[in-house]
Amino acid sequence: MSTTASDPLATLGSLPGVPDAVDSVRKAVDRVYGHRVMRRRSNEITAEAALRGSRGSAALAGADWNLEEVRRRTDFSGEDEARVVGAALRLTAEAGQLLSIWRQSPLRVLARLHLVAAGGAAPDDAVGRPRLAGEPVDEPLIEARLPDADEVAGRLEGLSQLIIAGTAAPALVTAAVVHGELLALRPFGSHNGLVARTAERIVLIGSGLDPKSVCPAEVGHAEQGGAAYVAAFEGYTSGTPEGVAAWIAHCGRSVGLGVRESTAVCEALQRGAA
């Protein structure tokens, strides 16, 4: 992400392979939005996509529950995995409420997301703020170098300014960079992966690419598996054009798999109505 261009996110859109990924995602999203069921029952598709996206994000955070268990369960307190699933569900529900704030104050949104994810499980003074020097980070799956508190503060501010200034970059590129930066920084003491994937969702919705939130990238991230997720993320943290492009393409495939999931829901609803 480090570049001297006036619109650094936009320059990433021309990396080898990225235009094809952007075009593929756009076509996939257009297809599901054109489905006849979407024209009549989009609210149902949105609700189902939210549930499935939450399940996918929780799976990458170590709580790989069956979808029907997530659907059936009403109490998400108690054991660690239940709390992770509950956090993912709360974040998905909260995402839609923060769209209008994101472009003006992304750091405020990130603080709110962490507060929602923590749900009272962390000490009050550690919730909703970037970690301080020496504070530990509990983050399953991601084992990359952990930036110190000063680097976190600087890079968060830089990311915030990019978002506030606006960009000509495709939504997929912006969403992938936001996701990748938050994973790389792990700015909070906990729930960073869940927050990063929710921020990706916010960008995809708020950009207009997926305004009804029916293309859950979290489904695709989980379907491709934790090993593929980490390998693509390592490409992002390498900072090389090839690595960053590979991460963006991975995020594009994840959106495409989310589209496939919602298309299957549309088809099932159509068969049920026939």
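I looked up Arg26 and Asp30 and found both in helix 2 (residues 18–33), four residues apart, about one turn of the helix; helices here are DSSP runs of H or I with at least four residues, numbered from the N terminus. Their side chains meet in a salt bridge at 2.9 Å, N to O, where the term asks for a side-chain nitrogen of Lys or Arg within 4 Å of a carboxyl oxygen of Asp or Glu. Searching the whole structure, I get 19 salt bridges.

**Basis.** I note that this is a predicted model, in which local features need pLDDT of at least 70 and side-chain atom pairs count only at pLDDT 80 or more, while totals for chains, interfaces and linings use all residues. Residues are numbered from 1 along each chain as its sequence is written, and side-chain values use heavy atoms, with hydrogens and water left out.

**Helix 9 against helix 12.** I found helix 9 and helix 12 (residues 226–238) packed at about 90°, their axes 10 Å apart, with axes fitted to C-alpha atoms over the stretch in contact and angles running from 0 to 180 degrees between N-to-C directions. That makes helix 9 roughly perpendicular to helix 12, a label that covers 65 to 115 degrees. Helix 9 makes the contact (heavy atoms within 4.5 Å) through Val177, His179, Gly180, Glu181, Leu183 and Ala184, and helix 12 through Tyr229, Phe233, Tyr236 and Thr237.

**Second largest pocket.** I recorded a volume of about 290 Å³ for the second largest pocket, volume being the space filled by probe spheres set on grid points joined across faces, edges and corners. On a 1 Å grid over the protein atoms alone, a pocket is an open set with protein on both sides within 12 Å along at least five of seven lines, a cavity is a set of points where a 1.4 Å probe fits but cannot get out, and lining residues have an atom within 4 Å of a point. The lining of this pocket has 15 residues, with Arg103, Thr174, Val203, Gly206 and Ser207 nearest the centre. Helix 10 gives the most to that lining, three residues.

**Largest cavity.** I found one cavity of 30 Å³ or more in the structure, and the largest cavity holds about 60 Å³ of space. Among the residues that line the largest cavity are Arg197, Glu200, Arg201 and Asp210. Helix 10 supplies the largest share of this lining, five residues.

Key: Helix = DSSP H or I, 4+ residues; strand = E, 2+ residues; numbered from the N terminus. Parallel < 35°, antiparallel > 145°, perpendicular 65-115°, else oblique.
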